[in-house]
Amino acid sequence: MTQRIEEASVVWLTQEGYDQLKAELEQLKGPARAEITQRISDARDEGDLKENGGYHAAKDEQGKIEARIRQLEDMLRRAQVGETPKKGGKVEPGMKVSITFAGDDEVETFLLGSRELLALDASVDIDVYSPQSPLGAAILGKKKGDKATYEAPNGKPVTVQIVAAEPFTG
């Protein structure tokens, strides 16, 4: 059980994704933090803080920056860095997976990986499921033709069949 909990807390990233998140963190902790601190100081110097819209806007932005810093630090601390698998066949992080739901012939295709990477590359136009999601956890390690069942949010079991698992190329 402990191993499963530890696996669930892992954030799967490529080296490129890790480097981009680390660069964003450094930007936020350095120049962005310094700039917002200066804006707050300048707004404070304007006088009455109760009616100072610039001050309140800067404080709101500071809160967002600090929250993003905490989020990035947590993600990078839990990151497991790897490369996109070189060959297909087995469902693992970095794979473009195609499935069908039991009783439905329609194929659904998605990336098994970190949603955070989509935010870094707007050209990626594919749904992403985390390996820690109920679906992701159920299909992890499965191969083409395998079936897996997971519990939907409504508590009902959902069965899927793996149609394909190919390395994601972007």
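The model is predicted: local features need pLDDT of at least 70, side-chain atom pairs count only at pLDDT 80 or more, and totals for chains, interfaces and linings use all residues. Residues are numbered from 1 along each chain as its sequence is written, and side-chain values use heavy atoms, with hydrogens and water left out.

## The chain as a whole

The protein chain has five helices and seven strands. Helices (H or I, at least four residues) and strands (E, at least two) are DSSP runs, numbered from the N terminus. Along the sequence, the pattern reads α-β-α-α-β-β-β-α-β-α-β-β.

Of the 170 residues in the protein chain, 31% are buried. Buried means under 20% relative accessible area, exposed means over 50%, and partly exposed lies in between (1.4 Å probe, protein chains only). The chain exposes about 10,500 Å². Carbon and sulfur atoms supply 49% of that area. Accessible areas come from the Shrake-Rupley method with a 1.4 Å probe; for residues, only the protein chains shown count as cover.

Contacts tell a further part of the story. A contact means heavy atoms within 4.5 Å. Among contacts with a separation of 6 or more, 55% join residues 24 or more positions apart.

## The sheet

Five strands form an open sheet in the order β5-β4-β3-β7-β6, and the pairing is mixed. Two strands pair if DSSP finds at least two bridges between them. The edge strands are β5 (128-129) and β6 (147-151), and each pairs on one side only.

Strand β3 covers residues 95-101. Five of its seven residues are buried, so the strand is largely enclosed by the rest of the structure. β3 pairs with β4 (residues 107-112) in the antiparallel sense, over six bridges. Here I99 has E108 in β4 as its bridge partner. The hairpin of β3 and β4 has five residues between the strands. In that hairpin, G103 takes a positive phi near 85 degrees.

β3 also pairs with β7 (residues 157-167). This pairing is antiparallel too, over seven bridges. S98 has A164 in β7 as its bridge partner. β4 and β5 pair in the parallel sense, over two bridges. There, L111 has V128 in β5 as its bridge partner.

Two residues of β3 deserve a look. M95 lies in this strand. M95 counts as buried, at 0% relative accessibility. M95 and P167 are 72 residues apart along the chain, yet their C-alpha atoms are separated by 4.5 Å. T100 is buried, with a relative accessible area of 14%. Leaving aside neighbours within four places in sequence, T100 is in contact with D105, E106, V107, T159, V160, Q161 and V163.

## Helix α3

Helix α3 has 26 residues (residues 53-78). The expected span of a helix is 1.5 Å times one less than its number of residues. For α3 that gives 38 Å, and the end C-alpha atoms are 38 Å apart, which agrees. Buried residues of α3 include Y55, A58, I65, R68, I69, L72, M75 and L76.

## Salt bridges

Side chains of opposite charge can pair when their charged atoms come close. A salt bridge is a side-chain nitrogen of Lys or Arg within 4 Å of a carboxyl oxygen of Asp or Glu. The whole structure holds seven salt bridges. The table lists some of them.

| Salt bridge | N to O distance |
|---|---|
| R68 and E24 | 2.8 Å |
| R39 and E35 | 3.6 Å |
| D74 and R77 | 2.3 Å |

R68 forms a salt bridge with E24. This pair links distant parts of the chain: R68 is in helix α3, E24 is in helix α2 (residues 15-44), and they are 44 residues apart. R68 counts as buried, at 17% relative accessibility. E24 counts as partly exposed, at 24%.

R39 and E35 are four residues apart in helix α2, so about one helical turn separates them. R39 counts as partly exposed, at 32% relative accessibility. E35 is partly exposed, with a relative accessible area of 43%.

D74 and R77 are three residues apart in helix α3, so about one helical turn separates them. D74 counts as partly exposed, at 26% relative accessibility. R77 counts as exposed, at 63%. Elsewhere, salt bridges that share partners join E35, R39 and E61 into one network.
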